[in-house]
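I will write down each thing as I find it.

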There are 2 protein chains.
Amino acid sequence: MEQIAYVNGSFVPLSEAKVSILDRGFLFADGIYEVAAVLDGKLIDNASHLARLERSVGEIELALPETTARIEEIQKELVKRNNLANGMVYLEVTRGADTGRDFAFPKNVKPTLIMFTSTKDIINAPSAKTGINVITVPDLRWARRDIKSVALLAQVLAKQAAAVAGAGEAWMIEDGKVTEGGSSSCFILTQDDVIVTRQNGSEILPGCTRKAVVALAEERQLRVEERAFSIEEALAAKEVFVTSASLFVQAVVSIDGKKVADGKPGPMTNRLREIYVEFAKATAV
Amino acid sequence: MEQIAYVNGSFVPLSEAKVSILDRGFLFADGIYEVAAVLDGKLIDNASHLARLERSVGEIELALPETTARIEEIQKELVKRNNLANGMVYLEVTRGADTGRDFAFPKNVKPTLIMFTSTKDIINAPSAKTGINVITVPDLRWARRDIKSVALLAQVLAKQAAAVAGAGEAWMIEDGKVTEGGSSSCFILTQDDVIVTRQNGSEILPGCTRKAVVALAEERQLRVEERAFSIEEALAAKEVFVTSASLFVQAVVSIDGKKVADGKPGPMTNRLREIYVEFAKATAV
């Protein structure tokens with residue numbers, strides 16, 4: 001059965017899921033996206049993703065074409081129509097297709113809303129057991145990384161560099177510190193057992209999984225510090241890991257070819273992963 | 001008659017000109033564009049636009065799906081099919097639509113090539129006589145502005161701010177100097193009759209019209225200096241203007257509400273505009 005996608009009010013086969021070449025997502029990257037994980041047919045941490053969606057569209061003055069409650073209904077309907085057990089729902093909202101191309105916001109144009117799903121067994125992903133290698137690249141992105149926009153060319157180039165190097169992620173470096181991964185938030189566990197991750201701000205995306213992991217760790221009286229850290233600190237750390245909606249918590253075992261600790265996922269990473277999976281399942285909708 | 005667009009080998013009515021929601025232009029801003037002016041049905045300075053297209057796609061390792069010679073044929077065919085006398089041809093190349101969404105480059109996916117036209121009487125545009133107002137905004141863009149990518153959200157926000165302020169362009173400021181306009185190159189004429197425009201580099205797009213105007217000015221023994229300048233210098237200048245493919249040479253008469261010189265287009269701006277129009281007509285294809 002061909003996969004079903006959602007495009008502006010209709011559920012259509014993915015091969016027929018299209019947008020105008022005048023869509024501002026296509027012409028200007030004038031759009032916002034979110035990716036929510038699916039476990040056993042249920043959406044994970046979706047309220048957090050929809051809250052971030054509302055924040056992002058607000059920052060670029062883009063009105064959602066549907067309420068977030070309706071968006072969640074559509075997400076669920078799409079999961080159902082695709083019989084999706086485990087994977088992700090991608091959603092994108094753009095400022096729509098005007099009759100021509102003008103940078104300034106168009107008037108009376110309805111925003112575009114599209115969704116599609118993909119299959120992935122996040123819990124049993126092989127990399128969860130082995131860990132991933134990361135490389136570092138300069139952070140070339142714009143100044144408003146807190147907005148989850150589709151202007152992702154810098155991330156594409158970063159993650160392509162990682163793929164060429166046989167790595168699973170690229171960590172972006174600015175002023176000697178790690179900002180974040182191409183599509184993940186970065187963490188270290190120091191030798192003093194402090195979980196360190198960069199504080200939110202315009203330099204990074206406020207990760208939903210990052211936020212949940214920090215809260216879950218704090219609830220368990222684990223020590224968390226939100227501050228920038230360097231690659232040198234990461235290489236001297238006990239453990240290194242990343243978080244994202246489609247990875248959950250994922251160990252990093254080398255950086256630029258240098259082994260992290262003993263080169264295997266550490267106990268804190270594994271524990272946080274288990275805690276997150278438990279939270280995810282318990283709160284899935 | 002409905003406008004005709006070009007999409008991956010076909011000429012289709014604009015209302016049917018669509019791309020997949022999986023197109024990487026739509027998902028990742030993983031695409032490059034060019035806009036060439038049309039005068040009397042002929043393309044202006046198109047070799048320069050196609051050379052820049054080749055450079056941009058090269059910088060992101062995107063292979064053009066057609067030769068530039070063939071692209072020019074398609075541009076001409078589209079101009080003809082739309083009976084376009086004066087206006088622009090927009091073209092965009094993206095890394096195509098894969099079967100799913102993965103940041104790294106897809107394998108064996110044909111790039112997308114689309115084009116459409118728009119009508120504009122560039123030579124007789126009212127603003128050429130009156131000049132335009134500009135506002136200034138911080139330059140929020142990424143570090144590779146020399147690549148003409150569709151990751152244009154920062155420019156959209158800048159030009160929207162200009163529109164709200166009743167201005168025709170937003171000048172972007174970084175480290176106290178002007179980088180460029182949201183979709184134009186910036187020039188001043190100093191009190192010593194030196195034409196100043198920022199030197200090329202990763203901080204700005206190498207403007208095709210900018211390049212032609214600099215060359216035409218130098219051929220006429222006018223003094224040109226390529227260096228960064230500040231808003232204070234612009235406000236103390238004899239004349240201020242911008243260049244772009246869809247404006248040619250366009251006077252700026254105020255910046256952030258402060259009048260430039262006597263608030264009218266100056267003689268050098270008008271002269272350079274005439275010289276450029278002459279060059280454009282003489283070299284049109």
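I began with the salt bridges between chain B and chain A, and the count came out as zero. I note here that the model is a predicted one, and that every value below is computed from it.

I then asked which elements of chain B give two or more residues to the side that touches chain A, and my list holds the strands E1 (4-7), E3 (18-20), E4 (31-39), E6 (87-94) and E7 (112-119), together with the helices H1 (24-28) and H5 (153-164). H5(B) gives the most to this side, with eight residues. When I sorted the residues of that side of chain B by kind, they divided into 32 nonpolar, ten polar and nine charged.

For the extent of the interface, I wrote down that 51 residues of chain B are in contact with 51 residues of chain A. The two chains bury about 4200 Å² between them, and 77% of this lies on carbon and sulfur atoms. In chain B, the residues that lose the most area to chain A are Ile21(B), Phe26(B) and Phe103(B), which together account for 19% of what that side buries.

Last, I followed strand E3 of chain A, residues 18-20, and saw that three bridges join this strand to E3(B), the two running antiparallel. Which residue of E3(B) is the bridge partner of Ser20(A)? I looked it up, and the partner is Lys18(B).

Notes. Residues numbered from 1 in each chain as written. Chains lettered and ligands numbered in written order. Predicted model: local features only at pLDDT ≥ 70, side-chain atom pairs only at ≥ 80, totals over all residues. Heavy atoms only, no water. Contact = heavy atoms within 4.5 Å. Buried area = accessible area lost by both parts, 1.4 Å probe. Salt bridge = Lys/Arg side-chain N within 4 Å of Asp/Glu carboxyl O. Helix = DSSP H or I, 4+ residues; strand = E, 2+ residues; numbered from the N terminus. Nonpolar A, V, L, I, M, F, W, Y, C, P; charged D, E, K, R; others polar. Pairing = 2+ DSSP bridges.
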